[in-house]
Structures are given as structure tokens and as C-alpha cells.
Amino acid sequence: MLGWELPPHNSGGLGVACLNMAHALSNQGIDIDFVVPYAAEHPHTEFMHVLHATDLDPIHRYGGGAYASLDIHKKQIPSIDHPDMVSIRDVQKSYQDFVNEYLMEFKPDLIHAHDWLTYEAGMLAKKNYGIPMIAHVHATEYDRAGMHTGNPIIHEIEQQGLMMADKIIAVSETTKRIIHEKYHIPLNKIDVIYNSLDEDYYKGYEYDDSLHKYATSLKKDGYTIVSTVGRFTIQKGLEFMMNAARKAIDKNPKLMFIFAGDGEERNRLISDAATLGISKNVIFTGFVRGKKLRDIYSLSDIFVMSSVSEPFGLTALEAAYHKDALILTNQSGVSEIIWSCMKYDFWDEDKLADEILAIANSPALKKSLQENVGHEYNKISWDKVAKKCQKIYNNVKRKGNI
Amino acid sequence: MRAICLYLHIHQPVRYREYPIFDVGNISNYYDDNYNGRQSNKRIFEKVTDKSYRPMLKLLEENMSKHKDFKVSFSITGTWLEQAAKWAPDLITTIRRMVSKGQAEILGETYYHSLAFFQDLEEFEDQVELHSTAIEKIFGVRPQVFRNTELAYNDNLAKWAEEKGYIGILAEGWDKILKGKSPNYVYRPTDCENIKLLLKNYRLSDDIAFRFSNRDWKEWPLTVKKYQNWIDMDCLSGNLINLFMDFETFGEHQWKDTGIFEFMDNFIDSWLSEYDNRFVTVSEACNLMEPDGEISMPETVTWADTERDLSAWDSNDMQKSAMKDLYKIRSKILATNDSKLIADWRHLTTSDHPYSMCTKYWNDGDVHAYFSAYASPYESYMYFMNVLRDIEYRLKLK
């Protein structure tokens, strides 16, 4: 398996998904070597071999580390041809070099490559060693760029990887459609496998509302708390949500919005809230993870996934686990499998406001949504994911032998 | 003598549109005729008219001309009549012709296809009276036999219908109630003196209404010969076969290309070709047959779902709160004497609305979704409550 991150050195859902998938596959007897582009400890990975492609610090896996500091590492990065900073392309090149060396010695049955960062290494394995390649698409450049073309180099790498792959796994029908429409890959080459919640998610957490006195007092005063969580990028459609917030607050001032996360859109969102005159009803928490994040889910009544494009949207399942009423855009993959929720199109600010108000104004609706989604968040297990993967593995291997 | 009592239910609700909170207090066009979205009543009515109402009424009328003994009973809701008058008045004319020839009978029910009997008895009686008046005005007859919305029936309803002078009432022939008795007889409801109970033969009815086009059904394809053979077998216990179903079975639930029209056409011919076989209307069935004993249904039984209860309309919090909040303001609404406001309020009592808020099977994403005009039960509830808010706002202005 070729990946870019594993917990605890993950910046988002990708690392968690890779770890859970690998674990479930290993439980079914699959032997996994997992390559990451940096050197670090990974607890709870004893079921597989984690291989470090470079000696970089995990922080620098997307580039940005000063080149000078690399010289002191034992494992040099050989293909770097400019002296100042390590770019992500440099990291990718050394990742490929490592995979190439590895393949001189070992011959795995197949390569399972997660997202564009690893596709070049996957293609190399297929081209030079004839090893079948599965490209797993957790997100495309279209998603990341808010449905614009985005970075042409990344698009090109994705295009080549998807064309070279023997089989493609997409995390939702939404993503499958994008792969078909934007990368012109035939539909029968793409299978959909949804993600599931991290298995550790079910244990070792309890909400203590005494730690959140302000939120608790708001709720006592009859406030409804609406939250959203994620990277503040254009992909997340937060500016539409902010406008909807204003429309909803106009009708019901006892609404408090929590924007949890950070990213390039943050300053714009803060100034939007001020311009709209709703700063008092909007809380920015900054980047949160772990217990803090779970506390936000716990104290919220409503969770909104406002994404313009969301390949899957694991945070919605997390919020569902914490009994939030869900409002999801029709453009999110998770809305394909969750029925007990409200839905809207990301641009439809009026409808989102209407849905927020309806839930805030009706205890019956809130309770129905919260209770019913409790029967849904765990309907896809990692075990099921692994079984589907294995089926695809077997098919790809069989074809490879002909 | 062996008789088939064919009874067809004709109904379309007046659906509220996707009515946003921002319109509350500004514009009250929830049932707008010109609305073009998913809940366009006009579009839906015209579609079903072309696929079902018009061709099936034609088939029935042709058979009535051919066979004097061919008769049908209809229940026709007020909400259907209002829409037919606007968008397909020829349907009403056709039914009127059938009634005047004595070959069609109209049953009594609530005007708004509501479950008011279980919410508010006064409202229920008002709606039944509204319906009878409308039927008399349009078809020149007053209903003598009663059917409640969704065939929702219990002993109290039977007593009520007897007091009002109905000669018969309809219910589901549900095994759990019959306990081995046959639905092919007429019965007397518990504690009643005169009124007679007609029970739906749900197996033979559902063979047509639900299973006819199902290719996974081991009896597919259903032929007239096979079906008539089943009826012959069923007639070994009782000689009245009550086939009760939605009118839209023909052409809408079972599409034309399944052969449903040809099947029905041939079946009527074939049934009447046998000596001593006939069709009867619901009141004829009541008058011709003596009750074969008593039947008691203390709990409400309906013709819906496998549970045969009211849970599809009244089980989750949204349905309960919507109906509670709706009926709570009834006396204030009536006191306004504003006929437009009263009608707008009464349209909300239509049972299709709480049905579209049903979450029983929603997680599996299945059949209830097929019959709903809304994206989800939650959205239906949201728009319903917005409409109700506007109605309360109008009330406040009075």
C-alpha cells in the first residue's frame, strides 16, 4: 500500500481511513507493506510493515523543510536539483526512488495507491515491474479546488494514474461521477467503496458539559447550537453557510454557529460574519482535534456539512455518532448513504436556513433526526470495506495472470 | 349465486409545495395551482389522468354497456373532485353517467381523506357531511355505505356509522381478526343491530393491486384462467368476493404495458360468462346477504403495510406533533368563518401528509419514498410546519 500519512501524523481523514482499511484487510489475511514518505513512529501498526521512504520529519511530507537540515540525515534525497527548499515534488521523487529500490527486492501481488501523491510511484511499479495497480481516490483535484480545474500538474498526475490503474476505487458515487466526467475514465473501471468510522471512535470518550459552561448556559437560555467542522477551504462552501446563518438568525436570534477548523478562508469568514452583522452569533474555534472536537459535536444540536464537493465526509458520521441532527449537501458522498438527515444543494442558502430554523423550532424534528441517524452511522463497517477490497484484489490479480 | 364486489378508491391529495419559512406571513400560496416543482398538483393529476383515470374509466364504461350486470363501487374524495373539476372535468361526467345508469355506487367518507375520526369527532362529522353534500350535488345520490380513510376501522366507528343510518361499512379482512373465518361473507359489527360489515379479500385483491406485474412472484404472469380458478377455490367458503383496491392500480401502480387493462377486460367477460356469476355494488351486497355472525375489532385496523395499523400515519414524533398542533387550532379556525382559511386548514388534515412523514422504513430507503412527493419525511414535516405557521399567522390577523 502506498500512502502519504498514518495516524498520529495525519492532517485529516486520509490517514485514518488508510489505517483502518489496512487493519481490516490484515484481519482477513492480507499481508501489507505500507510506505509513508517520512520517518516516524506509528503505534498500533504492528499488523503490517510500515516503511519510511525518506528520513524527513512528518511535518515536511508536503514539502517546506529547509534543505540544509536534510543534509544531516543519513538517507539523502538524491533527486533534488535545487538547493533552497524541499518541494512536494522532491518528496514525491524520493518516494518513487524508494519504491523502485524496494521493488528490486520484493514483488508484491499488487499495489494499492492512495490519492495522487502516490500515483507516480504506483505507475512506476506497473511500468517497470508489471505489478497490477489499484488507484484509490479519496479526493480529486476538482474537489480540492472547489470544482475548478485546480493545479494542472496535479490534474495531469491524477489523469495518468487513473488511466494506468487496473482498477479504481472511489469513496462515493459522487467521486465516481467526477472521475468519469472530468477524467473520462469508463464507469466499469470504477468501483465505489464507502468509508466508515474509525473503530477507535466508539471507545474511551465521555462528554462532560461542566467543561463547557458558556455553551451549556446558551443551551439553557434556549439557544440551538449549529456547528461545522473542517478545513476552511473553498471546497467546504462555508461562505454560503455564513449567508444562510444570517438569514436564519434574522428569524431566530437564538442560534449560535460554531465554525471549527482553520484554513485559507478563515479571515474572509470572520470578516463576512462582521459585515453581515452576526459576529455575536458565530464562534471560531481554530483548529481542533481529539477530545475538543468531540466536545464540539457533543454540545451541538445540528451539524452542517456545507461542502461544494465532498468525496465522502467522515465528519458527518462522527457528528451522527454524537447524536447531532445532520444537514448535508447533496454534493457530499456521505449523503448517498445517510437517509435520516436534511439535505440541500450547496448554493441554496434559503433552504439551508429553512432547515436550520425548522430543526431549531421543532423538538419533534430534532429528536427524530437525532435518534434515527443513530441507527445509520455504523451501517458500513471496515470489515465490509475490506471484504469489498479483497474481491477487487482477486479480480485484478486474476486478470494480471492471463 | 356468486358475486364480486369491485370497489375502487379514487383519491389525490392537495399537496403543499416546498413552502419556505421566508414566505410565512408574506404569501399564502401553499397549494398554488401554477406551482411547477416536485409537488405540482396539476402535473401529477394530469399524469395520473392520462395513465389511469381516463383509460380505466373508459374500460369500465364499455363493460357496463356490454354487460348490464357489471357494476362498480367508488369512493371519491373531495380533494380529488376539486382537482378533477379544474383539470379533467370529463372524468366527473363519465362517473355521473355510470351512476345515473345504476351501475356505479359512491361510498361515503371524509371530504379531505383525513383520519379525523381518531383526532376530533366533530371535525370528522363535519368532513363526512361536507363529502355527502358534495356527492349529492355532483352525482345526485347520497352515500349509503361508509368507508373510512385507509379503511381505518374499529368497533366505535361501526357504531357511529349505524347511528348515522349507513347500511354498510368496509374494513380489511385481516387474518388476525377473522381467526379462520372467511372474508367472503357479510358480517355484523359487534354491538350493532342493522349495519353490515364488508371485508376486503386482501389476497385476491393484492394479487391484482400489488403482485400483478411482479416477475419474482412465482405465479407471474397472472392469467384470467388462473385467477378465476383461485376465486372458484375461495368461493368454497362464502360467495361474496370483495375486491377492494386503489383505482390507480390500473395504469399507475401497474403500468399499461404489464397488460393490466387487458387482464381486467377479459376477466369481467369471463366472470360474467358463467351462469349465476354477477357483480354487485356495496349496498347490493349488504341488501342481498344476511350476516354470518359477528365480528369485533376493538383495535383500529387499516389496509396498510404488513402491520395493518395506523403506524404509517401516527407513530413518530413529527407525525404526532404535526397533527396535534393542527387540530389544536380547529375551533379558532372555524370561528373565523373565513371559508378560504378553513379550507386551507382542512387540506392539512389529509392523511397523505403525515404518511409522507413516515420514517418506519426510511433508513432502508424504500417504498414509502415511492409514494411521497417530498425528498424526505423530514422535509415534508418542515414544509408542513411552515404552512401551519402561516395559517396561525393569518388566524392572528383576524
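## Confidence of the model

Chain A has a mean pLDDT of 89, and 94% of its residues reach 70 or more; pLDDT is the predictor's confidence in each residue, from 0 to 100. In residues 66-76 of chain A the pLDDT is below 50, and this stretch has twelve contacts in the model beyond near neighbours in sequence. Two residues are in contact if their C-beta atoms, placed from the backbone, lie within 7 Å.

This is a predicted model, in which local features need pLDDT of at least 70 and side-chain atom pairs count only at pLDDT 80 or more, while totals for chains, interfaces and linings use all residues. Residues are numbered from 1 along each chain as its sequence is written, and chains are lettered from A and ligands numbered from 1 in the order in which they are written.

## Contact between the chains

The contact between the chains involves 19 residues of chain A and 17 residues of chain B. On the side of chain A, β12 (342-344), α13 (349-361) and α14 (363-373) each supply at least two residues, and α14(A) gives the largest share, six residues. Helices (H or I, at least four residues) and strands (E, at least two) are DSSP runs, numbered from the N terminus.

By class, this side of chain A has seven nonpolar, five polar and seven charged residues. Ala, Val, Leu, Ile, Met, Phe, Trp, Tyr, Cys and Pro count as nonpolar, Asp, Glu, Lys and Arg as charged, and the others, Gly among them, as polar.

## Domains of chain B

Chain B comprises domain 1 (2-295) and domain 2 (317-397), with bounds from an automatic or database domain assignment. Their centres, taken over C-alpha atoms, are 24 Å apart. Domain 1 of chain B contributes 26 residues to the contact and domain 2 of chain B contributes 18. The domain 1 side consists of twelve nonpolar, eight polar and six charged residues.

## A parallel sheet in chain B

An open sheet of chain B has three strands in the order β4-β5-β7, with parallel pairing. Two strands pair if DSSP finds at least two bridges between them. The edge strands β4 (145-146) and β7 (196-200) of chain B each pair on one side only.

Strand β5 (residues 168-172) of chain B is joined to β7(B) by five bridges in the parallel sense. E172(B) lies opposite K200(B) in β7(B).

## The nonpolar core

The largest nonpolar core has 222 residues, of which L326(A), I356(A) and C5(B) touch the most other members. Such a core is a set of buried Ala, Val, Leu, Ile, Met, Phe, Trp, Tyr and Cys residues joined through C-beta atoms within 7 Å; a residue is buried if 20 or more other C-beta atoms lie within 10 Å of its own.

Not counting residues up to four places away in sequence, C5(B) touches several residues, including L198(B), L240(B) and V280(B).

Technical notes:
Buried ≥ 20, exposed ≤ 12 C-beta atoms within 10 Å, placed from the backbone.
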